[in-house]
Amino acid sequence: MAAGTATRVYPFMPGGAADGTRLISGAVVLSDLTDKPRFGLKGGGSAAWLAAQGIPLPAVNRIGEHRGMRVLRLGNEDILLLAEGVEATLAEIKNGWQAAPAPKGYSSWREEGWAWMRLSGARLAEAMSSLCALDLRPQKFGADDIAQTRVGHIEAVTFRSPTGFDILFDITASAYFARAVAAVAGHADQHRG
Amino acid sequence: MNRLPAPFGSRIDRSRPVRFTFEGKFFEGYEGDSIASALAASGQWVLSRSFKYHRPRGILSMTGADANALVQLPSEPNAAGERTPISEGLRVSAQNVNGSLERDRDAVMDRFGRFLPVGFYYRTFMGPRRDSWLKFWEPIIRRKAGLGVVDTKAPHRHFDKTHLHCDVLVVGAGPAGLSAAISAAEAGADVVLCDENPEIGGALTYGRYDPEVLSGLASRLEALPNLKVLTGTVCNGWYEDNWLPLIESDRLHRTRAREVILATGAIEQPAVFRNNDLPGIMLGSAAQRLIRHYGVRPGTSAVVLAANDDGYRTALDLLDAGVSVVELVDPRPAGEAGPLETELRGKGVTIRKGATIEAAEGTVGNRHLARIHVGGSWIACDLLTVSIGQAPAWQLPCQAGGKVGYDASTQAMTITLSVGSVHLAGAVAGVDELQDAIASGRHAAATALMRLGHAVAAEPAVTPKSVRPRYVQPIVADAKGRDFVDFDEDLQVKDLQNATKDGYREIELVKRFTTVGMGPSQGRHSALATARIVADATGRSVGEIGITTARPPVGPETLGVLAGHHEVLERRTALHARHVALKAAMKPVGAWWRPYYYGDASSAEEAVREEILAVREGVGLLDVSTLGKLEIRGPDAGEFLDRLYTMAHANQPVGRVRYCLMLNEMGSVVDDGVAYRMAQDQFYVTATTGAVARVYADMLFWNADWRLKVDVLNLTGAFSGLNVTGPKARQVLKALDSDIDFSRDAFPYLSGRDGMVAGVPVRVMRIGFTGELSYELHCPSSLAPSLWDAVMAAGRPHGLRPYGLEASRILRLEKGHILIGQDTDAITTPDELGFGWAVSKKKPFFVGKRSIEMRARLGQTRKLVGLQFPAGARNIPGESCLVLRSGAPVGQITSVGYSPSLGRHIALAYVHADDQAQGSRVTVKCRDGELVEVPVVAHAFFDPTNARQEI
């Protein structure tokens, strides 16, 4: 399934499923990275194929790095590459994978199935505490840690980014998630000071 | 006015007067006042009427822990008047009064006490008939015995929940808690300190202590960024693994702490004597709280009952507040005078030793204390402060596994916790003196820090400098009664004694028989006295009697706090905006929003009819993106499906699509869909919208169990589905730019193809729910809007119409296609659906196989069939209406609707197995009770030979 000539529409774009839903900003900022490049492999052969390309694979639920990409090990045979700003590098790997013979794992379609959002802002920790039950204090949850958990009452994968927390979740819940985060930010405001 | 000048009144802001009403009367207080303190400042001492005898009650503890000061707010019943702040215009009223607080018609109950003996409830409400409790007594008691009144029209309030993690949680910010929190934080631990009061300090804020102690602790605390202080926050329970709910007004902090230090303090205990409940009789600490926190003079002429130093300090505080202390009564025998006693005598206060309060008397209607009886004579006074002892605040420690005991040598209630992550500090650990409490906080912190792996020096355990047995009031029932042990439940000494005479000797039974400790205070002021009374009456020790089990919550909590705030979960397909632009009537189906029909609500029926017509005669387009979509990949993919579904998939050719039916282990149908074999090692499987989450979870479960070489991926959100269906569907697809041959021979019914359509990579399956020529186009969701636009454009010359869920529902019903969950229930077997064809007889195993074979041997009792109502039938039964046979229910209607293609109503229904033949007539009971006879028809009402879907 090579990409065709058609236009891609993601939830927060005009004509997208969450079109019209506000992404909050201020003390809590929610930004949408869903259209940013990423590529995942899952199933038997995935890890071996990626390793054969010279991509160092971290332990499960840890994040590694390869040529500017973040390498998320979500399971033994479930690996996701996030390529914010290094699209060409990712395209190279993706093309190589498409051309390669099996066994090479299978696409996990994370770029289609998961929304990718980033929570940041001055009251980030407070907002995250409301959204997620995990202990995300810096000394407990480091820069290379991955939590596969629930955020805002829905299943999600979350981890730190330089400016906050990145959250991957069911793309069909995008509008809901933006609302849930806005509600939490509202509560944080009410309890200020 | 009973208001004292500054510096008394640490909580109030005298520059900000606040007006409110109580029982319809205007009162004025200051910002920071509680309802009770503002009323006391204005001389209003009666706050409520008691539960059973409707006796006037007032401030007892100033902690909000008992029923005495519960009040009704417009939208909140049972508000603790001693803790709830006043606000401008707040309307407060008394609870449990018949009429008004001042003129309570039920006050007469006080004279009929002897007709309400202990156990009255159990003895009386048993009869006379078996249903008397439900029909007669309970409604009366609900009316009579209620505390507050729920306001069903209360405005919405905002509640929320958040999570809090810390190394050490310290509950209680009194001297011990402050000292523990500071020690732990100074060692580098992440510490949370919570206290229910609006400020830190605990007893240091109202007791007679050097103010330097609190200010010293407070300045150390402020220098610690890793110490989070939550004042106005109640720790309302201890749960497994140190999970504790901290309630900060309308916010719940779900807290997980590695170590917990409970510095919950002690609860001052009332004395038991006749009329000990009169307004004007309060605990010594309540008088101190009124004076220091609120600047309220608790009376003008006081008698102080003091069996400990706190009582002597209270007397000195009263003098400072300008209260005339008539006499200090110390029940302990005369001994060496301590410094406090000397100071009091120096101020001219009479101290009477070895005496106690024998009774009190009230003003008219017992509205306030008038005089007390001591040593055979009456003393006039309007205030009696009681300081005779305390009990450790056992609620949280006991929930954390603490055991309550009794130290006979010191006559004190004790709490023992086993070694673990919960520690006690301060008064709750039995420590009396201020410096000992501070040291005990340090000790608890050091213990917790060591468990956390901090290198800290061990702190010695605190041993009190002087161990003096505490005073124990001998409790003797007054001949005339009204000597209350439990104020909430109006229980007197004789009530508890009588319970033991009735054979209820164990504390848990005494509690249930008498209701002692069941009121709002949950035994805070009665448990110790009860244990002593029962011990006396049964000839055992207080330790043997113990107290009743303490369970969370520690205090009342609102349902709003438990519920928190929830945004309604909502899932949208990638085509959501397209539907909205086409004026679709969007409705929620589970979490999904789906188009019901396209057009105005005023012409809904017409729109649905036209949509059906388009599919039957032209071409329609349905968004099927909510369908569950799963990819099964790996060398064992076929074997995996063979074991999960009833049909054969291992031998399914690549490029073919097969129906799949899933059973659970008891042989009931739980899901259906189709499986498209895309490659030898890859299947694309659909599941029903509502069941996919469960199907996916089941697949993961079985995959782990069977250890096949298979990977299961849920693509429900990643892929979108468009169903192009109708006699002209092929023409529309052929008009699109595509590398797929859509001709009948190249792409036959029940096959699948990969390719590109309008520049979009697609997986196309020739399947459908409508019975017409039908293609399902699945594509990555980000490209679905493009594909939709292309199909709409290509379809325009052919009259293509998007159609919604309602049309889809009728189209499938006309074909007799079932909906899992609507036409099936928890026990539906494939045979009952007539789906024997979908169950492989050759496979050695699939989930549910053994069960359906066993169930088949039991014989079939019902069958799902079609029912066709005559054209123009007047009374049509609804879904779930019963199918009767000889008057007995044998089945029910599962789906019903009007078929425009047939011009009549049709239904699917379970009927008796003997009635399944076409032409049988069955009886159905309509909603209005009318019985109608309907003929059974074959499942497919429309195009019974299924010719149309294969053109």
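Which residue stands opposite D754(B) in strand 39 of chain B? In this predicted model, the residue opposite D754(B) is R763(B), and the pair belongs to an antiparallel arrangement in which strand 38 of chain B and strand 39 (residues 760-765) of chain B are joined over 6 bridges. Both strands belong to an open sheet of 6 strands in chain B, which has the order 38-39-40-37-31-41 and mixed pairing. Strand 38 (752-757) and strand 41 (801-802) of chain B each have a single partner strand and stand at the edges, so one side of each is left without a neighbour in the sheet.

The overall division of chain B provides the setting for these details. Chain B is divided into domain 1 (16-154), domain 2 (160-267 + 392-451), domain 3 (270-388), domain 4 (484-554), domain 5 (627-714) and domain 6 (861-950). Between domain 2 of chain B and domain 6 of chain B, the C-alpha centres are 68 Å apart.

In residues 862-943 of chain B the content is 0% helix and 54% strand, with the end C-alpha atoms 25 Å apart.

Strand 16 of chain B can be described together with its partners. Of the 6 residues in strand 16 (residues 301-306) of chain B, 5 are buried, and the strand is accordingly mostly covered. Strand 16 of chain B pairs with strand 17 (residues 324-330) of chain B in the parallel sense over 5 bridges, and V303(B) stands opposite E327(B) in strand 17 of chain B. Together with helix 7 (residues 309-320) of chain B, strand 16 and strand 17 of chain B make a right-handed β-α-β unit. Strand 16 of chain B also runs parallel to strand 22 (residues 383-387) of chain B, to which 5 bridges join it; here L305(B) has V386(B) as its bridge partner in strand 22 of chain B.

P279(B) lies in the loop between strand 14 (266-268) and strand 15 (281-283) of chain B. Because 25 other C-beta atoms lie within 10 Å, P279(B) is buried. When residues up to four places away in sequence are not counted, P279(B) touches W45(B), V46(B), P56(B), R57(B), G58(B), R367(B), H368(B) and L369(B). The C-alpha atoms of P279(B) and L858(B), which are 579 residues apart along the chain, are separated by 74 Å.

The contact between the two chains was examined next. In total, 42 residues of chain A are in contact with 39 residues of chain B. On the side of chain A that touches chain B, helix 3 (110-113), helix 4 (124-131) and helix 5 (174-190) of chain A each supply at least two residues, and helix 5 of chain A gives the most, with 7 residues. By class, this side of chain A has 17 nonpolar, 16 polar and 9 charged residues.

K42(A) is found in strand 2 (residues 38-42) of chain A, and it counts as buried because it has 24 C-beta neighbours inside 10 Å. With residues up to four places away in sequence not counted, K42(A) touches E77(A), D78(A), G105(A), Y106(A) and S108(A), as well as D711(B) and L713(B). K42(A) and G20(A) are 22 residues apart along the chain, and their C-alpha atoms are separated by 34 Å.

Note on methods:
Residues are numbered from 1 along each chain as its sequence is written. Chains are lettered from A and ligands numbered from 1 in the order in which they are written. This is a predicted model: local features need pLDDT of at least 70, side-chain atom pairs count only at pLDDT 80 or more; totals for chains, interfaces and linings use all residues. Two residues are in contact if their C-beta atoms, placed from the backbone, lie within 7 Å. Helices (H or I, at least four residues) and strands (E, at least two) are DSSP runs, numbered from the N terminus. Ala, Val, Leu, Ile, Met, Phe, Trp, Tyr, Cys and Pro count as nonpolar, Asp, Glu, Lys and Arg as charged, and the others, Gly among them, as polar. A residue is buried if 20 or more other C-beta atoms lie within 10 Å of its own, exposed if 12 or fewer, and partly exposed in between; C-beta atoms are placed from the backbone. Two strands pair if DSSP finds at least two bridges between them. A crossover is right-handed if, with the strands pointing away from the viewer, the path from the first strand over the helix to the second runs clockwise. Domain bounds come from an automatic or database domain assignment.
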